[in-house]
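Trainee: I have a new model to look at. Please walk me through it.

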Amino acid sequence: MSRARSHAKNMIALLASSAFARGLSLVALAISFKALSQEENGVLQFCLRAGYLFALFTEFGIRGYLVRELARVRGNHELAQDLFARVWNARLLLVLPVLLLNVVTLSLLQYDGRTVWLSVALFVYYVLDSFAILIKFAFRAYEQMWVDAVFSTLGRSLLVAGLVSLWFSGTLTLERQALVYIASSGVEFIALGILLWRRLHLSLFVRSHVHAMMSAVRTSIPFAVVNIIGTL
């Protein structure tokens, strides 16, 4: 297969999986609307958006930086591992401060404890989801787009399956929905982490210096500006 045909095939797979995953996300929201009261739906939608926006500030545009730089050094495993470790650890370093910012912001705005808890739970979901996406982007740098296509579908399928199960059992509460969101993204993330080690031989558990991590964050700022402005 020629390089052009390979790229075209990968692009088609990504587009198809993205469309299917978005369709499954729509199904998940439809189930929530059907099962919850109007007030609970409002709480869920607010917490989904708040969790997503806060999680966005842990990503900081670093995925685009990873793909560009990893594609350049992928022939050298030592350099590839060092780069991935810097990006991965920089992401981890940002999670706790942003989580605290989430809690403090909603508390200062005088949201009730249940809303704050749900926002934190869905923040965890979006962080796990973004970690999974980061690993998918690493595979993109190695031109293995099938990983993105397969696991994007898998994660959303698990989410819908969990919500459907709770719906038919009559136990689809807000709290259980949040746990299903976390579980579906957690399973996808763990499976991707294992695949990353098995196929690319890149580990999630490599230490790196804070200076190197901050350098990766600074370099990714142009990507972050585009991502944040576009999302807002």
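Mentor: Helices here are DSSP runs of H or I with at least four residues, numbered from the N terminus. Keep in mind that this is a predicted model. With the helix numbering set, α5 is followed by Glu 143, whose phi is positive, near 60°.

Trainee: What caps its N-terminal end?

Mentor: Asp 112 does, with a side-chain oxygen 3.1 Å from the backbone nitrogen of Arg 114. Arg 114 is also linked with Glu 40 and Glu 175 in a network of salt bridges.

Trainee: How many salt bridges does the structure hold?

Mentor: Nine. One of them pairs Lys 136 with Glu 188, at 2.7 Å from N to O. That pair links distant parts of the chain, with Lys 136 in helix α5 and Glu 188 in helix α7, 52 residues apart.

Trainee: Why does Lys 136 count as buried?

Mentor: Its relative accessible area is 4%, and buried means under 20%. Glu 188 is buried too, because its value is 1%.

Trainee: What does Asp 148 pair with?

Mentor: Arg 140, in a salt bridge of 2.7 Å, N to O. Asp 148 counts as buried at 6% relative accessibility, whereas Arg 140 is partly exposed at 28%.

Trainee: And Glu 69, what does that bridge to?

Mentor: Arg 68, with the closest N and O atoms 2.8 Å apart. Glu 69 is buried at 16%, while Arg 68 is partly exposed at 34%.

Trainee: New topic, backbone. Where does Gln 110 lie?

Mentor: In the loop between α4 (77-108) and α5 (113-141). Most residues other than glycine have a negative phi.

Trainee: Is Gln 110 buried or exposed?

Mentor: Exposed, because its relative accessible area is 73%. His 201 also has a positive phi, near 60°, and lies in the loop between α7 (174-200) and α8 (210-219). At 44% relative accessible area, His 201 is partly exposed.

Definitions and conventions
Residues are numbered from 1 along each chain as its sequence is written. This is a predicted model: local features need pLDDT of at least 70, side-chain atom pairs count only at pLDDT 80 or more; totals for chains, interfaces and linings use all residues. Side-chain values use heavy atoms; hydrogens and water are left out. Helices (H or I, at least four residues) and strands (E, at least two) are DSSP runs, numbered from the N terminus. Buried means under 20% relative accessible area, exposed over 50%, partly exposed in between (1.4 Å probe, protein chains only). A polar contact is a pair of N or O atoms within 3.5 Å; within protein, one must be able to donate a hydrogen and the other to accept it, and residues adjacent in sequence count only if both atoms are side-chain atoms. A salt bridge is a side-chain nitrogen of Lys or Arg within 4 Å of a carboxyl oxygen of Asp or Glu.
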